[in-house]
Amino acid sequence: MRPDDWHLTEDVDEFLARAGDFLRSRPGPHVMQLTWAERVRKRGADAFGTEAPVFGVLEQAGEVTGTFYRLPPRSLGPSPLTPEQADSLAARLAALGHSPSRVNADRSTATAFAEAWQRHTGATPKLHATQVRLYGLGTLTPPEPLPAGRSRVLGEQDLDEAIFWCGEFSKAVGEDVTINADTWAETRYADKRYTLWETPDGTPVSIAGMNPLIGGQIQVDIVYTPAHLRGHGYAAAVSAEVSRAALAAGAKDVVLFADVANPTSNALYQRLGYRAITDWIAYDFSGGGQVPVSNGEAKPAAGH
């Protein structure tokens with residue numbers, strides 16, 4: 001296949017018009033493409049800074065067979081691709097002077113792109129330490145018995161509480177993000193609906209969030225219990241409640257990511273009825289030579 005089989009655009013509506021049916025045909029593996037396209041559509045490209053998000057569609061014989069998104073600061077998220085498709089994407093981006101600092105995708109796609117990017121640019125890929133597993137919900141099986149307490153959905157009047165819990169979660173997972181009233185609307189946390197699990201006296205002990213319904217699918221994101229409160233079944237209870245709410249909201253598919261290195265969370269989700277879809281990894285890029293661009297100029301390769 002030719003690198004120019006990839007069509008690139010900064011117009012998210014054009015991207016969805018071309019690739020929407022393809023993405024919705026397999027919403028689980030395409031969860032990140034669907035999620036970020038919807039966020040860009042709702043917020044507008046200006047919300048992502050001076051560098052606009054870029055979307056791409058691979059078309060072969062009139063059929064869409066692959067997609068990608070690239071978000072500032074240059075993180076690349078392709079849909080599942082064959083090694084040949086990943087190579088054509090790397091060749092296309094290198095020729096246009098794009099310099100993704102990271103690729104984040106299912107294991108085989110991320111590895112194939114990282115190898116292709118190194119061939120085309122000389123950039124050195126480094127496997128990111130955190131690896132996650134994508135799960136899809138089969139038959140929801142709530143825990144029995146539930147811990148004492150109840151669930152409570154956070155509303156607009158609970159913004160301060162949502163900001164606090166999301167800030168605690170982001171610190172726990174090592175995200176480099178500032179979450180407060182001024183920055184909230186710009187974060188990935190702002191478009192979720194959150195549910196707390198509270199003890200009988202009203203003390204919040206665990207939180208779970210879910211993204212909006214997109215393409216018939218809802219992603220459960222985030223799930224967090226402070227370390228000193230773990231081991232009481234709170235995370236299982238709130239995860240089950242949010243999963244139930246996702247189904248009640250009309251989701252045909254419910255998905256979530258779990259850290260592969262955390263056997264407790266993986267076992268919890270499996271007990272609730274989630275089944276593994278694929279492992280998800282990221283490579284960061286550094287080094288490399290000059291990347292030729294279409295107008296004959298040269299730009300630094302990834303990592304510069």
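Is Arg74 buried, partly exposed or exposed? Arg74 is partly exposed, since its relative accessible area is 23%, where buried means under 20%, exposed over 50% and partly exposed in between (1.4 Å probe, protein chains only). The structure is a predicted model, in which local features need pLDDT of at least 70, side-chain atom pairs count only at pLDDT 80 or more, and totals for chains, interfaces and linings use all residues. Residues are numbered from 1 along each chain as its sequence is written, and side-chain values use heavy atoms, with hydrogens and water left out.

The chain has an average pLDDT of 91, and 94% of the residues score at least 70; pLDDT is the predictor's confidence in each residue, from 0 to 100. Residues 288-304 have a pLDDT below 50, and this stretch has 47 contacts in the model beyond near neighbours in sequence, a contact being heavy atoms within 4.5 Å. Where pLDDT is low, the predicted coordinates should not be read in detail.

Arg74 belongs to the loop between S3 and S4, and it has a positive phi of about 80° although it is not a glycine. Helices (H or I, at least four residues) and strands (E, at least two) are DSSP runs, numbered from the N terminus. Pro73 lies in the loop between strand S3 (63-71) and strand S4 (75-78), and a cis peptide bond with omega of about 0° joins Pro72 to Pro73. Ala61, in the loop between strand S2 (54-60) and S3, has a positive phi of about 50° and is exposed at 83% relative accessibility. Most residues other than glycine have a negative phi, and most peptide bonds are trans. Another cis peptide bond, with omega of about -5°, joins Glu144 and Pro145.

Helix packing comes next. The axes of helix H3 (residues 83-96) and helix H4 (residues 107-121) come within 8 Å and cross at roughly 40°; axes are lines fitted to C-alpha atoms, for helices over the stretch in contact, with angles from 0 to 180 degrees between N-to-C directions. H3 and H4 are therefore oblique to each other, as angles under 35 degrees count as roughly parallel, over 145 as roughly antiparallel, 65 to 115 as roughly perpendicular and the rest as oblique.

The axes of helix H6 (residues 234-248) and helix H7 (residues 263-272) come within 10 Å and cross at roughly 45°, so H6 is oblique to H7. Here Ala235, Ala236, Ser239 and Ala240 of H6 meet Leu268, Tyr269 and Leu272 of H7.
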